[in-house]
Amino acid sequence: MPLARTIDVTRRYGDRTALDGVSLDIPAGGVVGLLGPNGAGKSTLINLLVGLRKPTSGAVELFGGDPRDPASRRRIGVTPQETGLPATLRVSECVAFVAAHFADPVPAGALLEDFGLAEVARRQTGGLSGGQKRRLAVALAFVGRPELVFLDEPTTGLDVQARRDLWTYIKDYGRTGTVVLTSHYLEEIEALADRVVVIGGGRVLADDTVESIRGMVGIHRVSLDTITLPELPGVVGVEEAAGRTSLLTPDPDQLVRDLVAMNVPFRGLQVQPTTLEEAFLTLTTAKTGS
Amino acid sequence: MSLALTHARFRILETLRIPVAVVGGAFFPAASMLFFVVPFAGDDAVGATYATASMVMFAVMTSSLFTYGVGVAEDRAQPWDPFSRTLPAGPAAAFAGRVLSGLTFMFISLIPVVIIGAALTAATASPWQLLLALGAVVLSALPFTFMGLAIGYALPTKAALAVAQIIFFPLAFGGGLLSAPGDAPGFVETIAPYLPTRGAVELVWAAVGDFEVSTTSMVALAVWTVAAAALAAWAYRRDEGVRFS
């Protein structure tokens, strides 16, 4: 039995559909990355899985029960997308509050040590830096020794070093536990996830290994000034803006070779990796188009 | 139960870290005593006792409506609220923790009222009567606590503040809180028995003095309490955090 699953889940907010018929299984072990642009439905999916919201239709299961039943949430830990800590409470008090909800919590000292927060244990959370607040918010997900952890954009606002440290922690945790993590950084998903679920427009667009997802979203943008363009192989999209033509392709090197070989006149050639968002758009249009 | 105490403990701790909030909560009823009760009813033992009891009820009502109404609405807008709702605890622990900490600060805000009543007016009450009054106050606080919770869970902060004010005013004056028993303007005497404030203050009057509660007021108080509790439960169930469209 999977630790968590959604069965044909749809969630609407008014007349906006945030999730549209999503079925997903989270089996035990490893790190599952939920990847998608802003507004894709990642957070809504997490909120349904942890019992914060009810699906409009379909079913959600957490450890075989309803996530809105507190008993189903005994073995999970959660870090929401937005960091919110009671400003007047001290760091150690926040940990103690969360720990009071679990049978066998991690000792506060060890936990804060792991997240580099030992020195600020006595500080009120309102006085922490943004990065420290974020690290505490992530640490709180691990207080109850959860079997399944949901981290919604855990590394937002962290500097490079803090992000790497957190990655190490999450990766270690994924060896024995299960982690569901959302991100819109491909790099982060690549570093951590064993399995990637790409979400766009409220639907699961792809559910695969990191390798094959990278192939799907690794699109480059080749932009140039030109007048006429012949038919070019390997181009998945053409955009015209302000007199410049942009060609989207998974293999920019071959495209440039083709342009030269075909004697296409061009100026101001630029090759850029597309942002993940653009890649998703390509993926989304491809899906809905077919 | 221990979870409810945990929730209460951290709520109290949070508020105590901002001492002026505690002082502010105690100021209003104490000031009302000094301005409205001491100069007018100070010398008359019975009048002063009733007036002090009314002022206590006034404080209880204000603190319930606003602490819960605005407090809950504010909390729901903070990301800490959805986080704590993912912890393995049902609504009962959070609800009870909130009410326990609310009662604690309510009692703190009542202490100056009782002290002023005892020291500066002719009001009297035996320790037994005070204990009885304490019970009456807890019972009377219920409908307003539930009203506050309903407001807080149903509305965003600014709307909650407005609605709490709108409800508070007619309930306080219409219920005859600002006059001695049987001494309110005619129309207030007519409508008062049907408002929860009247039943609530009658309980406290009866606890500290020679007052006989009216059946109408008691039935009205019970009906208001049940209705407000149902409304609060409904608002809590439909709440999924503050939504924006």
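Q: Which residue of chain B has its backbone oxygen 2.8 Å from a polar atom of the side chain of B:Ser109?
A: Let's start by placing the serine in this predicted model: B:Ser109 is part of helix H5 (residues 91-120) of chain B. A polar atom of its side chain lies 2.8 Å from a backbone oxygen. The residue that owns this oxygen is B:Met106.

Q: Is B:Ser109 buried or exposed?
A: A residue counts as buried when its relative accessible area is under 20%. The value for B:Ser109 is 5%. Because 5% falls under that cut-off, B:Ser109 is buried.

Q: How many Å apart in space are B:Ser109 and B:Ala26, C-alpha to C-alpha?
A: Along the sequence, 83 residues separate B:Ser109 and B:Ala26. Leaving out residues up to four places away in sequence, B:Ser109 touches B:Gly25, B:Ala26 and B:Pro29. From C-alpha to C-alpha, B:Ser109 and B:Ala26 are 3.9 Å apart.

Q: What distance lies between the end C-alpha atoms of helix H3 of chain B?
A: Helix H3 of chain B covers residues 45-77, which makes 33 residues. At 1.5 Å a residue, the helix should span 48 Å.

Q: How many of the 33 residues of H3(B) are buried?
A: H3(B) is largely enclosed by the rest of the structure, and the burial count is the reason. Out of its 33 residues, the number buried is 27.

Q: At what angle do helix H9 and helix H10 of chain B pack?
A: H9 runs over residues 196-208 of chain B, and H10 over residues 215-238. Their axes are 8 Å apart, and their crossing is left-handed. The packing angle is about 115 degrees.

Q: Which residues of H10(B) make the contact with H9(B)?
A: On the H9(B) side, the contact is made by B:Pro196, B:Arg198, B:Gly199, B:Ala200, B:Glu202 and B:Leu203. By class, the contact has six nonpolar, two polar and two charged residues. On the H10(B) side, the residues are B:Ser217, B:Met218, B:Leu221 and B:Trp224.

Q: Which backbone oxygen does the side chain of B:Gln129 reach at 3.1 Å?
A: B:Gln129 sits in helix H6 (residues 127-154) of chain B, and its 21% relative accessibility makes it partly exposed. Apart from neighbours within four places in sequence, B:Gln129 is in contact with B:Ala207, B:Val208 and B:Gly209. The oxygen reached at 3.1 Å belongs to B:Val208.

Q: How many strands does chain A have?
A: Now let's move to chain A, where 50% of the 290 residues are buried. The C-alpha atoms of chain A fill a box of roughly 70 × 45 × 35 Å along the principal axes. Its secondary structure includes nine helices, and the strands number 13.

Q: Which backbone oxygen does the side chain of A:Thr6 reach at 3.0 Å?
A: A:Thr6 lies in strand E1 (residues 4-13) of chain A and is buried, with a relative accessible area of 2%. Beyond four places in sequence, it touches several residues, including A:Val22, A:Ser23 and A:Leu24. The oxygen at 3.0 Å is that of A:Val22.

Q: What is the relative accessibility of A:Val196?
A: A:Val196 belongs to strand E8 (residues 195-200) of chain A. Among the residues it touches, not counting those up to four places away in sequence, are A:Gly33, A:Leu35 and A:Ile213. A:Val196 counts as buried, with a relative accessibility of 1%.

Q: Where in chain A is A:Phe63?
A: Most residues other than glycine have a negative phi. A:Phe63 has a positive phi, near 50 degrees, and counts as buried at 16% relative accessibility. Its place is in the loop between strand E4 (57-62) and strand E5 (76-79).

Q: Is A:Ala242 buried or exposed?
A: A:Ala242 has a positive phi of about 50 degrees although it is not a glycine. This alanine is found in the loop between strand E11 (237-241) and strand E12 (244-249) of chain A. At 86% relative accessibility, A:Ala242 counts as exposed.

Technical notes: Residues are numbered from 1 along each chain as its sequence is written. Chains are lettered from A and ligands numbered from 1 in the order in which they are written. This is a predicted model: local features need pLDDT of at least 70, side-chain atom pairs count only at pLDDT 80 or more; totals for chains, interfaces and linings use all residues. Side-chain values use heavy atoms; hydrogens and water are left out. Helices (H or I, at least four residues) and strands (E, at least two) are DSSP runs, numbered from the N terminus. The expected span of a helix is 1.5 Å times one less than its number of residues. Buried means under 20% relative accessible area, exposed over 50%, partly exposed in between (1.4 Å probe, protein chains only). Axes are lines fitted to C-alpha atoms, for helices over the stretch in contact, and angles run from 0 to 180 degrees between N-to-C directions. A crossing is left-handed if the near helix is turned anticlockwise from the far one by less than a right angle, and right-handed if clockwise. Contact means heavy atoms within 4.5 Å. Ala, Val, Leu, Ile, Met, Phe, Trp, Tyr, Cys and Pro count as nonpolar, Asp, Glu, Lys and Arg as charged, and the others, Gly among them, as polar. A polar contact is a pair of N or O atoms within 3.5 Å; within protein, one must be able to donate a hydrogen and the other to accept it, and residues adjacent in sequence count only if both atoms are side-chain atoms.
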